[in-house]
Amino acid sequence: MKKIILGTMVVASLAFSGSVPVVADALYQKECASCHFGYQPALLNKASWEKVMGSLSDHFGTDASLNKEDHQAILSYLVRNAGNGKITTNNDTTRITQSAYFKKEHRKIPLNVITQKEVGSLANCMACHTTADKGSYSERDIVVPNYGRWE
Ligand code: HEC
Ligand code: HEC
């Protein structure tokens, strides 16, 4: 995270600098990263995670419901580590890919690049961000399938 140094005070800035803390919860990794990439908690704000977790039986066309205990543990992990930076601002949906910042960052990617079988949808972060699992989305680590580096 970008740091702004003010005299002796170090303030973590709210600006998103291309990286987020990695997933650090084994239960979350097991239950929420089996169908897709394990999205880091900082990619959605608290309200969005509550919505995602509140509608798991109808989760983007699938049933991802959990038992009560696991549900509570995962909800608590997500809410505690929810994001509050640029990427989550004004996003009241259940999709990371619907935030204004996300849409702006990805607007130049041609549709046929997104729909090709190696990608499928913008929700498939790892297809292009080779270090997404390490929490890094920086431009130098982007390799778009059948397109190459993004510059
Ligand atoms: C049974 C499979 C399955 C499981 C288990 C699952 N998901 Fe999903 N999830 C999906 C599908 C399918 C999508 C839609 C993907 C797409 O649009 O390409 C999705 C999308 C998402 C998105 C939105 C991505 C975006 O920005 O477009 C979030 C957030 C998400 N899942 C969170 C979770 C969490 C949290 C859990 C664990 C509680 C979970 N998922 C478990 C199938 C699953
Ligand atoms: C089809 C490939 C592709 C997919 C899939 C994709 N991205 Fe990206 N992403 C890009 C490209 C290309 C850029 C750089 C856009 C630019 O600068 O013009 C980018 C930029 C970003 C940035 C800004 C990075 C910075 O340093 O400014 C973030 C954050 C990001 N993506 C997150 C995600 C997340 C989270 C997902 C999954 C929910 C995702 N992306 C899915 C291609 C992709």
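Predicted model: local features only at pLDDT ≥ 70, side-chain atom pairs only at ≥ 80, totals over all residues.
Residues are numbered from 1 along each chain as its sequence is written, chains are lettered from A and ligands numbered from 1 in the order written, and side-chain values use heavy atoms, with hydrogens and water left out.

**Contacts with ligand 2**

I looked up Glu 139 and found a polar atom of its side chain 3.0 Å from an oxygen atom of ligand 2. For Trp 150, I got 3.1 Å between a side-chain N or O atom and an oxygen atom of the ligand.

**The iron**

Which residues give the protein donors of the iron atom of ligand 2? I found His 106 and His 129, each through NE2, at 1.9 to 2.0 Å. Donors here are N, O and S atoms within 2.8 Å of the metal (3.2 Å for Na, K and Ca); water is not among the atoms, so sites may look incomplete.

**The two histidines**

I checked burial next (buried is under 20% relative accessible area, exposed over 50%, partly exposed in between; 1.4 Å probe, protein chains only). His 106 is buried because its relative accessible area is 18%. His 129 has 12%, so I put it down as buried too.

His 106 also has a polar side-chain atom 2.8 Å from a nitrogen atom of ligand 2.

Methods
Polar contact = N/O pair within 3.5 Å; in protein donor to acceptor, adjacent residues only side chain to side chain.
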